Amino acid sequence: MESLRHSETQKKRRPLNQREGPTRTMTETTKTHVILLACGSFNPITKGHIQMFERARDYLHKTGRFIVIGGIVSPVHDSYGKQGLVSSRHRLIMCQLAVQNSDWIRVDPWECYQDTWQTTCSVLEHHRDLMKRVTGCILSNVNTPSMTPVIGQPQNETPQPIYQNSNVSTKPTAAKILGKVGESLSRICCVRPPVERFTFVDENANLGTVMRYEEIELRILLLCGSDLLESFCIPGLWNEADMEVIVGDFGIVVVPRDAADTDRIMNHSSILRKYKNNIMVVKDDINHPMSVVSSTKSRLALQHGDGHVVDYLSQPVIDYILKSQLYINASG
């Protein structure tokens with residue numbers, strides 16, 4: 001098994017826009033399966049944030065090369081130090097309320113629950129390692145073995161099967177792996193919409209070198225707006241080694257805001273130019289009404305009693321904000 005894992009991790013990763021040759025038929029198992037991860041303050045989470053997920057998923061599906069199987073909202077730690085940042089307890093609850101009707105977007109508290117602020121790179125690596133361990137999949141962007149234990153899994157012990165019964169087939173299948181990914185997202189995140197449960201035997205321990213999973217390419221991609229992409233160009237703001245990992249090893253899906261010129265932004269950074277093929281820009285309606293919605297505008301609307309706040313925030317989030325008296329007297 002170790003030799004199999006070694007050979008898989010040594011494979012050269014193809015850029016996101018060069019996934020399949022023209023003669024290969026794209027099936028459910030040959031498409032790249034994607035989990036979208038968005039990091040941010042979500043102070044508060046807006047309709048624009050949710051639409052960012054929806055627009056990215058629709059765009060990736062339309063390319064015919066990707067299947068988005070999950071979305072993760074990861075609010076930043078309280079020690080981030082941003083002015084007017086309310087506590088993570090409030091922000092997690094608001095995020096849960098915002099995605100409560102979604103069957104594919106989850107809220108994950110890991111970043112908030114750490115002792116201190118985490119870099120975007122470390123959050124991506126955490127979720128990559130967690131998905132790899134919980135699902136048993138060999139993620140396409142994994143270069144080195146993970147040393148991060150699964151939540152609740154004692155270190156230095158053999159991982160236990162997630163599901164197991166005597167009637168399940170021992171043949172590895174795509175459906176089982178993807179079912180395990182979906183269930184894993186539900187298990188490790190705060191919000192748990194109904195997910196079809198697959199009985200599953202931990203086949204990794206029995207594969208040896210003669211059996212292997214159907215080839216399923218699973219990637220965790222950073223989802224962001226063009227404002228975050230532009231921040232990569234600010235000297236000294238990002239650690240260059242982190243940028244190499246984020247863009248080179250993981251990849252980014254960018255949803256433009258305010259009709260931003262993403263080509264111009266990428267040309268201002270040598271790292272963004274180097275890994276341009278790993279940056280996918282959602283090219284749908286550049287005048288999408290949600291592209292101008294922001295947390296800042298939402299806070300200002302709340303402070304001034306502006307009725308347009310209903311255009312920015314979902315009603316459950318507004319109700320929670322008013323009940324908890326958030327942002328009403330805050331500055332910024």
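Tutor: Eight of the nine residues of β1 are buried, so β1 is largely enclosed by the rest of the structure. Buried means under 20% relative accessible area, exposed means over 50%, and partly exposed lies in between (1.4 Å probe, protein chains only). Helices (H or I, at least four residues) and strands (E, at least two) are DSSP runs, numbered from the N terminus. This is a predicted model: local features need pLDDT of at least 70, side-chain atom pairs count only at pLDDT 80 or more, and totals for chains, interfaces and linings use all residues. Residues are numbered from 1 along each chain as its sequence is written, and side-chain values use heavy atoms, with hydrogens and water left out.

Now the neighbours of β1. Strand β1 covers residues 32-40 and pairs in the parallel sense with β2, residues 66-75, over nine bridges. Two strands pair if DSSP finds at least two bridges between them. Ile-35 has Gly-70 in β2 as its bridge partner. His-33 stands opposite Ile-67, also in β2. Strands of a sheet pair through backbone hydrogen bonds, either parallel or antiparallel.

Step back to the sheet. It is open, with six strands in the order β3-β2-β1-β4-β5-β6, and the pairing is parallel. The edges are β3 (105-107) and β6 (279-281); each has a single partner strand, so one side of each is left without a neighbour in the sheet. From one strand to the next, the twist averages 25°.

Next, the helices on the sheet. Helix α2 (residues 47-63) lies across β1, β2, β3, β4 (217-225), β5 (252-255) and β6. It runs at about 160° to β2. Axes are lines fitted to C-alpha atoms, for helices over the stretch in contact, and angles run from 0 to 180 degrees between N-to-C directions. Contact means heavy atoms within 4.5 Å. Helix α3 (residues 88-98) also packs on the sheet, touching β2 and β3, and its direction makes about 150° with that of β2. The buried residues of α3 are Ser-88, His-90, Arg-91, Leu-92, Met-94 and Cys-95. Their cover includes β2, β3, α4 (110-113) and α14 (315-324).

Arg-106 and Cys-95 are eleven residues apart in sequence and 8.9 Å apart in space, C-alpha to C-alpha. Arg-106 sits in β3 and is buried, with a relative accessible area of 3%. A polar atom of the Arg-106 side chain lies 3.5 Å from the backbone oxygen of Asp-103.

Last, the cysteines. A search of the whole structure finds zero disulfides. A disulfide is a pair of cysteine sulfur atoms within 2.5 Å. Cys-224 is in no disulfide: the nearest cysteine sulfur, that of Cys-39, is 9.8 Å away. Cys-224 counts as buried, at 3% relative accessibility. Cys-233, at 23%, counts as partly exposed.

How values were computed:
A polar contact is a pair of N or O atoms within 3.5 Å; within protein, one must be able to donate a hydrogen and the other to accept it, and residues adjacent in sequence count only if both atoms are side-chain atoms.
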